[in-house]
Amino acid sequence: MVKLSQAQQVNSLPSVLGIPETLDRTESWVMDHVRSLSRDRNARQQPLDITTWIRKNLNLDAVDFGELDMHIVKTINLDGLVVHNILFQTQLGVYVPANLYVPKGDGPFPAIINSHGHWPGAKKGHIVQQTAQLLARNGYVCLNMDAWGAGERGSNHLHEYHGASLGSSLLDLGIPLMGMQLIDNQRAIDLLQSLPYVDPNRIGATGASGGGNQTWWLTALDERIKAAVPVVSVGTFESYVMNSNCVCELHPKGLVDMEKADVLASIAPRAVKILTALQDGNAAFNVHEMLKTYDKAKQHYDEAGHSAHFVYELFDEKHDYTAEMQRRMLDWFDQYLKADAANSIDTAFCPLDEEELTVGVSSELKAKITTTVEYVSARGKHMQNALVQSEKINKKVKIQELRELLLSYKELAIRQIEKIPEQAGYQRFLLTATDQRLIPLLIKEPAVGKQVLNVVFPSRGASSISPDSLDRWTTNGDGVVMVDLFGLGERSSKQGDDIDGRLPRFHTLSRSLLWMGESIMATWTSEIGLVMGYLNERFPDQEIHIIADRETAIASLIYSVLDQYPGYFFLSDMPVTYVPDYQTNVNENELNMASHIPGIIPWGDIVGLVALSPADVYMERVIGMSGRAIDESNIRRYAEQMEQIRLTLGNTSKIRLTVEKR
């Protein structure tokens, strides 16, 4: 095998498509699908039950809550208010660090959930503190929590970006990051309602950017939120596609059945005020996209006779939650959550040092605060063991479950085959699928009397393959076919790569497809099936070896399971599990965002894929999701699990796992 992803030299393979990079056909194909979904939604006759749909689609009922079990770790006294540093339980064994701002005086007070965005410091950031103190000084209990994976809930209990592949590992486990945050926020309502100094019938929500997204999702999901002020966070779902967003703002399959206007309309007649910044540089939240959503949702408020309950206000600001915006937020809550608002507003602000607001001040307290890696690891290993220990496994059922996990997976057919003039010793073919995908193939046929055809799906495109590898595949007269799958090589999206920036590759394309109820893994699997159908028909007497690495190795394995294809698979730099093996969200060699599949871990993980494949599978340089090599003891453990499941299934094909050779 070869290490496809670490080519030391640039090969001289010819191109097939020849489409100028500036045209970005991949981006155009995605946006065509977005427009198609919009037409289908607009033609839908039956209204959507938004609350039920959110709960089911995000799998929110799949967790055990346990008791709230609130602990006050420390109390800070300020003029007019106190701040409690607290821990409370949102899921069984999952404790959230939070700051609870409480006015001095007699209650019961109205209360606000104040969700932070992607600001420095999470719950302890300047903006979030300022908002909380303004509310508390003016008669509101305010709860600032660290969002899932942020602040003290980051890896090693240090603040970090909670999204990217780390946040997406929750999707692999079965509940996306958005869902985990909504569970936390619903439990936060439970907590506020349990406090004797809070009026349980007067609870609101606010937040900016990512926190604003949580605000309106929570308000739509839970009628206990009586008033809301989402800030710099309202646009359209369509504008999220091929744009800059976090995976905490990703609702898989969201665009299949709804737009943001549908979510906001479902809140009627409760009170919502949208604050939008005119200078917002994020296309997903700019004023033009906001007005599309506002105008459509406003019709429902008008029809219900509550036009005054749904308004917006524009500010000549950038992406921010300024003091002026905060005062407008307070005015809104005073109008809808207070019967006797004061004439004057107390705007005093005493910023606290972040250390003062830290909850996990001891090793014992830190141990209570579950990180994403800890959560996925504990539950993932439990789920793996469940499949291994099964006495009976229904193969047909497992394969059908896998099809459903892939979201809208469909087998592709070829509309047309184009042969382009040969170049540099390679035949060039272009397969056009019935859904207008263009799949380029470079082919060097086997020499007369030779039986092996190596079909290569490189994870970084054909141009990444080293000359040494090309020589190795063809020196003995064997044939070779090289394929650029969706988003790779000649089919890369310049816009997607530019937006990804320093984030893992496919951060943009992967999110975009998931919004549309698709996934890159499903897309690749269907393309592999199309290519293999063509090659098996064209080369019926050849022994086909499938060669892939990293992310495309997973897709190749999925193809083998779905089609029950019994060939030879040579998979290098292949992850053996979706359970993360890192402790930080900064990892340059990690698998990219194309790899994620909703619910793949409880289904059976990669161990299950290998076990269900009828192929002879050779996995060289087995790695974890971090890209680092797996040690030999763990490799033996995974190999034993695969063999155990295969034994249960009666699968007699060969598997071999090897460690990286240094």
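1. Aromatic pairs. In this predicted model, the count of aromatic pairs comes to 19. One of them joins W332 and Y336, whose rings lie 4.7 Å apart centre to centre, with 50° between the planes, a tilted arrangement. Both residues belong to helix 10 (residues 323–337), and because they are four residues apart there, about one helical turn separates them. In general, an α-helix has 3.6 residues a turn, so residues three or four places apart point the same way. The two partners may also be described by their accessibility: W332 is buried, with a relative accessible area of 5%, whereas Y336, at 24%, counts as partly exposed.

2. A stacked pair between strands. F570 and Y618 form an aromatic pair with 5.2 Å between the ring centres and 15° between the planes, which places the pair in the stacked class. F570 is part of strand 16 (residues 568–572) and Y618 is part of strand 17 (residues 616–620), so this pair ties together parts that are 48 residues apart in sequence. Both F570 and Y618 are buried.

3. Aromatic cluster and charges over rings. One aromatic cluster is formed by W216, W217, F237, Y240, F285 and W515. The charged end of K368 is placed over the ring of Y95, at 4.1 Å from its centre. K444 lies over the face of Y426, with a distance of 4.5 Å to the ring centre.

4. Helix 6. Does the length of helix 6 (residues 210–221) agree or disagree with its number of residues? At 1.5 Å a residue, its twelve residues should span 16 Å, and the C-alpha atoms at its ends are 17 Å apart, which agrees. The helix is mostly covered, as twelve of its twelve residues are buried. Among these buried residues are G210, G211, G212, W216 and W217; W216 and W217 are also members of the aromatic cluster described above. The buried residues of helix 6 pack against helix 2 (50–57), helix 5 (177–194) and helix 8 (260–265), and also against strand 4 (109–115), strand 6 (198–208) and strand 7 (225–231).

5. Cysteines. How many disulfides does a search of the whole structure find? The search returns zero. By way of background, a disulfide is a covalent bond between the sulfur atoms of two cysteines. For C142, the closest cysteine sulfur is that of C350, and because the distance is 16 Å, the two are too far apart for a bond. C142 is buried, with a relative accessible area of 0%, while C350 counts as partly exposed at 36%.

6. In soluble globular proteins, nonpolar side chains tend to be buried together. The largest nonpolar core here has 167 residues, of which V30, L192, L441, W524 and L535 touch the most other members. Helix 17 (residues 520–538) gives the most to this core, contributing ten residues. Leaving aside neighbours within four places in sequence, V30 is in contact with V241, M242, F486, L509, S512, L513 and M516. Another core, of 33 residues, lies apart from the largest one; I112, W119, Y140 and A271 are among its members.

Notes
Residues are numbered from 1 along each chain as its sequence is written. This is a predicted model: local features need pLDDT of at least 70, side-chain atom pairs count only at pLDDT 80 or more; totals for chains, interfaces and linings use all residues. Side-chain values use heavy atoms; hydrogens and water are left out. Rings of Phe, Tyr and Trp (its six-membered ring) pair if their centres lie within 6.5 Å; planes under 30 degrees apart count as stacked, over 60 as edge-to-face and the rest as tilted. Helices (H or I, at least four residues) and strands (E, at least two) are DSSP runs, numbered from the N terminus. Buried means under 20% relative accessible area, exposed over 50%, partly exposed in between (1.4 Å probe, protein chains only). A charge sits over a ring if NZ of Lys or CZ of Arg is within 6 Å of the ring centre and within 35 degrees of the ring normal. The expected span of a helix is 1.5 Å times one less than its number of residues. Contact means heavy atoms within 4.5 Å. A disulfide is a pair of cysteine sulfur atoms within 2.5 Å. A nonpolar core is a set of buried Ala, Val, Leu, Ile, Met, Phe, Trp, Tyr and Cys residues joined through side-chain atoms within 4.5 Å.
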